Amino acid sequence: MNIGKFSVTNSVLINIMMAAIMVLGLVSFFRLPQQVMSNISFNWVLVAYGYPGASAEEVEKSVTVEVEKEISDVDHISAIKSTVRDGSTYMFVEFEDDLSEKEFARVFQDLRAEIDKVQLPDDVTDPHIQDFSTTEFMSILTVNLIDELGDPAAMHRAATTLRDKLLDVDDIAKVEIYGAKRKEVWIEVDRRRLEAFGLSLDHVANAVKYRNMNVPGGTLEMGNRAYLIETRGEAATPEDFKRIVVRSTPGGGSVSVGDLGTINDGYADPLYDARFNGTACVSLWLTRTEKGNVIRVVEEAKQIVNEFQETLPAGIRVALSNDNTYFIRDTLGTLGRNALMGFGMLIIVLLVFIGLRNSMITALGIPITFAITFMFMEWYGESLNGSSLFALVLVLGMIVDHAIVIIENSYRHRQLGLSPADAAIAGTNEVVKPVIAATMTTLAAFLPLMLLPGIMGKFMRIVPIVVSLALVASTLEALVFLPVHFAEWGGKAKEKGTGWIGRFQGAFRALVARIFKRRWLALGITLLVIIVSAVVTRFVKEDLFAEEDWTMFYIDIELPKGTPRSGTDEIVRRFEERLLPHIGKGEIVSVTSSVGLMQTDDDWIEQDNVGQLSVDVAERKEGRARPILEIMEEFKKLCADIPGAEDVRFRMVNTGPPVDKPVQFRLAGDNFDDMSSIAADFRRLLEEYPSLYNIDDNFDPGGPELRLDVNEQRASELGLSVGQIGLYVRNCFEGVEATTYYDEDDAVDVIVKLAERDRGTVDDLLQMKFPTPDGRLVPFSTVCSLERGTGMAIIKRTDRKREVTVSADAQEGAPIQEISKRVEEEFAARYRPLYPDITLEMGGQWQEFKVVFIDILRLFWIGLFLIYVILGAQFKSFLQPFIIMFTIPFAFVGCVMFLFFSGTPVSITVLFAGVALAGISVNDSIVLISFINGLRRTGADVAEAVAEGAAVRLRPIILTSVTTIGGLLPMAIGLGGMSATWSPMASTIIFGLFFSTVGTLIVIPCAYGALDDITAKFSRRARE
């Protein structure tokens, strides 16, 4: 089909289509959700159980092991990671990364079915099962209700009312309330009175349970009326529980709940204690739906909060924290400003090289291309996030390459005397094949990156998708829309060879001819440069994922096991005293504290001996001058002398995909004593390296424990079991939820337990009496003995084995490879012979980097093969594709030189850039070799064709490279703001493209001549 002629002769249709695309693209742009990153399904499932009152070891044995055993044969499970604590366990079931949504839905149902089969103790709660994506992991805003009254009831009402209002906002998925005190009724029973009446705690709990209820009794029909029958017994107030009869006495009297204890109407302790800038608060955490536009959702939520604040009573005020939109606006703003600056530089470059009229025709393709891309992004369900916006910045300079080739070639035909319409047709049709081939080779490099496995691949997958969409759209625009615009607006052409470009082409023709005469020397020097660059790669640093500067950091505080919450609270307040005076002075905005809860990148620790401070830092535009890391280090020194904490860690927010610490390895086995001993030795080994810090392991020996040893023979004779005894002890000390009553619309739990004076000492435990099935009460010493010991606080398991993980953070330049190698050698030589059942699995960022590097390298070779196939099909040659692909090593040289001299580490984004360059760098060579082949077919000899081809294609080759570089340059040098994640990728492409362009103009002609020499030599030998 004659594409050029179709475009030129259908101008009305083309322009209508252009207008429609621009409008639809603009609509799609405004409808795209804005967020930090693409929504990613991790193919993870959380399975959580509660086992109130059970120790971690009991939970592991009775629940975790049984569930793991049942679900282990579900298809496509890659890992089962369990965390066991006193009273609870949760398991992360990780499925294979490459499962489709349909396959994951199927195995998710299979997992549920297997879980339903597990037989667990009666007191184990029903499982909580949930699959995860990035929306579940990231709160978009925290609303803090600050309590200056000390009124739990008012705070609870305010929190629940505000939650209900916020849930009315479209695309808010959940609003979780933390720190609020729930109302409870406690029936505290006097142990001595119980024993005096021959009763047990179970009698009281059962009496309350079966009295506080309304029981429907069916329907009674009398005449023409039907009456509902209902037995009423529900309590209306806490005082009603006092009158509940527990037992009748022989004399006709009765024993009521009020005779046995007291009724207290109060508030239960929350999961953790929270404070905002030192004042108690209740926090509401907002998460969005998958399709929700974060910026719009947060703005609507803030409006509701502002309106709600006016209705609050005096003494309760609202403060916001952890506002995700600041980071999103900053990231998108940085990328957007750099994109606009890149667009400006692009226009300037086009003006210099091809004049005002042609530059405007070329630049018109950018909004058309982006409009088509936005339409496809909306259809694909993507969002406007850091990754997708960078992909648009990356492709900004590339999408005009095809337009430049067609414009330049059409302009050349115009100089030869053709009319604008004929020049547009001839200029387009002449380069259709190389333009399509160039697009296909670039796609061949980018598209395999979509296959990168793992979480890292999911985070980066949108980049090749958006780039590929934009490239296809730009090719469509260049071949269909551009010719008609050139035909209508092309104007007059200057005489060929005039101006500075003509003079520069003449000089370059002479330079290429001179170098061509010494082509073998030039190729030898080229090979030497490539070898030197390969050697230099050994000195380039690695960093798996360079993270952005999120305006927050955490202080994690851990005290010795067994520390009560009050002791932890005292230490956290000391940290607050050091930090709070700095609020409002240009750097610190707020400090949110939690006592009893510590959130890390991979865990949620609910223990009385832990605390955490979240320090919200001012934005750059708000006057902050220093980076987050520098501020964090200053406060680390400020708080260094605070005593009492066992471990204090200052850490930044992880803004990228979940990755291991720089140094991390796992010991797996069944014996914690042996593994903890090895872990302690390895911690001492890591302490020998000054560049490592936060050296730790996840083995938690737990706190003091009182163990009841049941005499099973004696207990059996009395009709008791170990489970009955343990359950009774738990009910007495922890309480048993007997029933629920309603205070207006709030459900209030009624807890029956021993009075506080009867459960405060070891003697209280020793003086307990257990009820037997025949109604007797037997003393503790009859069936039990007591031992003191230490219990496991946390048990970590991976793939049905216990594990201990040793980890450390590392300063820049730390010898991580050397450390990893030493750990492996030490384990093999010293520990494996002694502990054959314990295995070592190396982790850490270096190990992750090796895996990702191998995966990307595999995709790189796939891309190279596809490029070769495309080029071979176009040129109908087995050898000429190798000439074209010779620019790829030159791009590699440019990448290495940039990384080495700038000190930039190799990250996954840099690796992406290197693979992308394989497709970008060959584009100019395709057009050059195609043009040289055309000259050879007209009878020109090799030297003449090479020199003429290089001179004629000089302008489009330089122009396509300079436009790509110009589009990326603002991002690379941070004119619109520096990005730790994306700026190195832009710089890598710029340097790689610069070197590959030099290789295209200088080395490719030499390689073409060398191949001709070899071919001629073999031809002569064949004739001889």
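What percentage of the 1024 residues of the protein count as buried? The value is 54%, where buried means under 20% relative accessible area, exposed over 50%, and partly exposed in between, with a 1.4 Å probe and protein chains only. This is a predicted model, in which local features need pLDDT of at least 70 and side-chain atom pairs count only at pLDDT 80 or more, while totals for chains, interfaces and linings use all residues. Residues are numbered from 1 along each chain as its sequence is written, and side-chain values use heavy atoms, with hydrogens and water left out.

First, the overall layout. The C-alpha trace spans about 125 × 80 × 60 Å along its principal axes. The protein contains 34 helices and 32 strands; helices (H or I, at least four residues) and strands (E, at least two) are DSSP runs, numbered from the N terminus. Contact here means heavy atoms within 4.5 Å. Among contacts between residues at least 6 apart in sequence, 80% join residues at least 24 apart.

I turn now to helix α31, residues 908-937. Its 30 residues should span 44 Å at 1.5 Å a residue, and the end C-alpha atoms lie 45 Å apart, which agrees; the expected span is 1.5 Å times one less than the number of residues. Where does α31 bend? The bend is at Leu917 and amounts to about 35°, taken as the angle between axes fitted to the seven residues ending there and the seven starting there. Of the 30 residues of α31, 24 are buried, and the helix is thus mostly covered. Gly939, which follows α31, has a positive phi near 110°.

The partner to consider is helix α30, residues 887-902. The axes of α30 and α31 come within 8 Å and cross at roughly 140°; axes are lines fitted to C-alpha atoms, for helices over the stretch in contact, and angles run from 0 to 180 degrees between N-to-C directions. That angle makes α30 oblique to α31, since angles under 35 degrees count as roughly parallel, over 145 as roughly antiparallel, 65 to 115 as roughly perpendicular and the rest as oblique. On the α30 side, the contact involves Thr887, Ile888, Ala891, Cys895 and Leu899. On the α31 side, the residues include Val910, Leu917 and Ser925. Among the buried residues of α30 are Phe890, Val893 and Met897. Just after α30, Gly903 takes a positive phi of about 75°.

Helix α12, residues 365-380, and helix α13, residues 386-396, pack at about 150° with their axes 12 Å apart. The two are therefore roughly antiparallel to each other. Ile366, Phe370, Thr373, Phe374 and Met377 of α12 meet Ser388, Leu392, Val395 and Leu396 of α13.

Finally, two single residues. Leaving aside neighbours within four places in sequence, Ser533 is in contact with Phe892, Val893, Val896 and Met897. Val512, found in helix α18, residues 499-517, counts as buried at 3% relative accessibility. With the neighbours within four places again left aside, Val512 is in contact with Val946, Ala947, Ala950, Leu1001 and Pro1005.
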